Amino acid sequence: MTQNTSMSTRVLALAGLVQALAQVRRVADTGQANAAILTTAMDSVFRIDAPSPTSVYGDIESLRPGLTLLRDYFGTSQRDEQLPRLVLAVMQLERRFVRDAAMGQRVQAGIRAQAGNAERLGSSHPDVMSALGSLYAETLSHLRPRVLVQGNPHYLGQATVVAEVRAILLAAVRSAVLWRQCGGSLWDFLLRRRDILAAVREHLG
């Protein structure tokens with residue numbers, strides 16, 4: 001799906017990206033994800049050929065947490081500076097990733113290899129998350145800039161938590177790819193604050 005869509009549609013991919021990264025931070029800090037938001041993120045990884053941004057995430061309601069994060073970030077002076085840093089790092093990583101055709105094929109093959117397990121067990125099952133975390137470690141983690149996740153050393157010292165963080169980062173990259181496919185760019189995120197906020201508020205009602 002490659003198209004230049006309206007900001008109203010494009011911002012859904014951005015919401016998917018920020019809510020995935022908010023879960024990355026939550027897992028790194030507490031060792032626990034929000035189950036519903038995690039499922040939305042991990043389901044999106046397996047919807048490679050979805051016809052629209054909405055269908056990647058299931059429905060717009062599934063993106064409400066991300067849309068709320070965007071509204072709070074762009075609409076107030078009280079800003080969480082770590083989240084946008086992660087967004088920019090993932091967007092930069094996505095640019096490197098899409099230029100590496102061999103890595104793209106490897107990642108897609110790895111995702112397709114887990115599709116059966118995801119369907120049978122659920123996309124956020126520990127076995128699926130572990131496999132996707134390994135896939136990220138073997139591929140995207142070798143690109144620069146690396147996405148550096150800060151958190152509680154107690155949790156980031158646990159292999160299962162690290163695998164979960166990496167798997168959710170893979171979902172974040174999926175959303176970054178979608179954002180670019182819809183016509184979004186790094187500069188949109190940095191400079192088109194008013195347009196993004198208007199589109200977010202339209203979705204949130």
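Q: Which side chain does R192 meet in a salt bridge with an N to O distance of 3.7 Å?
A: That is D188. Bear in mind that this is a predicted model.

Q: Buried or exposed, what is D188?
A: D188 is buried, because its relative accessible area is 9% and the cut-off for buried is under 20%. R192 has 32% relative accessibility, so R192 counts as partly exposed.

Q: What does D195 do with R192?
A: The side chains of D195 and R192 also form a salt bridge, at 2.9 Å from N to O. D195 is partly exposed, with a relative accessible area of 36%.

Q: Which residues are in the network?
A: Salt bridges link R10, D188, R192 and D195 into a network.

Q: How many salt bridges are there in the whole structure?
A: A search of the whole structure gives ten. One of them joins D43 and R47, with the closest N and O atoms 3.8 Å apart.

Q: How exposed is D43, and how about R47?
A: D43 is at 23% relative accessibility, so D43 counts as partly exposed. R47 is partly exposed too, at 28%.

Q: And S44, where is that?
A: S44 sits in helix α2, which covers residues 35–46. With 1% relative accessibility, S44 counts as buried.

Q: What is S44 in contact with, leaving aside neighbours within four places in sequence?
A: V56, Y57, A171 and R174.

Q: Switching to aromatics. How many pairs are there?
A: The structure has three aromatic pairs. One of them is Y73 with F74, edge-to-face, 4.9 Å centre to centre and with 70 degrees between the planes. Both Y73 and F74 are buried.

Q: What about F74 and F189?
A: F74 and F189 are an edge-to-face pair as well, with 5.6 Å between centres and 75 degrees between planes. This pair links distant parts of the chain: F74 is in helix α4 (residues 64–75) and F189 is in helix α10, 115 residues apart. F189 is buried, as is F74.

Q: Which residues make up the ring cluster, then?
A: Y73, F74 and F189, linked by ring pairs.

Q: Where is L191, and is it buried or exposed?
A: L191 is in helix α10, residues 186–191. L191 counts as exposed, because its relative accessibility is 64% and the cut-off for exposed is over 50%.

Q: What surface patch is L191 part of?
A: A nonpolar patch that L191 forms with W187 and L190. Together the three have about 370 Å² of accessible area.

Q: Now the inside. How many residues are in the largest nonpolar core?
A: There are 67. The members that touch the most others are L17, L21, M42, L132, V147 and L170. In soluble globular proteins, nonpolar side chains tend to be buried together.

Q: Last one: what kind of peptide bond joins R144 and P145?
A: A cis peptide bond, with omega at about 0 degrees. P145 lies in the loop between α7 (126–138) and α8 (153–156).

Methods:
Residues are numbered from 1 along each chain as its sequence is written. This is a predicted model: local features need pLDDT of at least 70, side-chain atom pairs count only at pLDDT 80 or more; totals for chains, interfaces and linings use all residues. Side-chain values use heavy atoms; hydrogens and water are left out. A nonpolar core is a set of buried Ala, Val, Leu, Ile, Met, Phe, Trp, Tyr and Cys residues joined through side-chain atoms within 4.5 Å. Buried means under 20% relative accessible area, exposed over 50%, partly exposed in between (1.4 Å probe, protein chains only). Patches are made of residues with over 30% relative accessible area and no salt bridge: like charges are joined within 9 Å, nonpolar side chains (Val, Leu, Ile, Met, Phe, Trp, Tyr) within 5 Å. Accessible areas come from the Shrake-Rupley method with a 1.4 Å probe; for residues, only the protein chains shown count as cover. A salt bridge is a side-chain nitrogen of Lys or Arg within 4 Å of a carboxyl oxygen of Asp or Glu. Helices (H or I, at least four residues) and strands (E, at least two) are DSSP runs, numbered from the N terminus. Contact means heavy atoms within 4.5 Å. Rings of Phe, Tyr and Trp (its six-membered ring) pair if their centres lie within 6.5 Å; planes under 30 degrees apart count as stacked, over 60 as edge-to-face and the rest as tilted.
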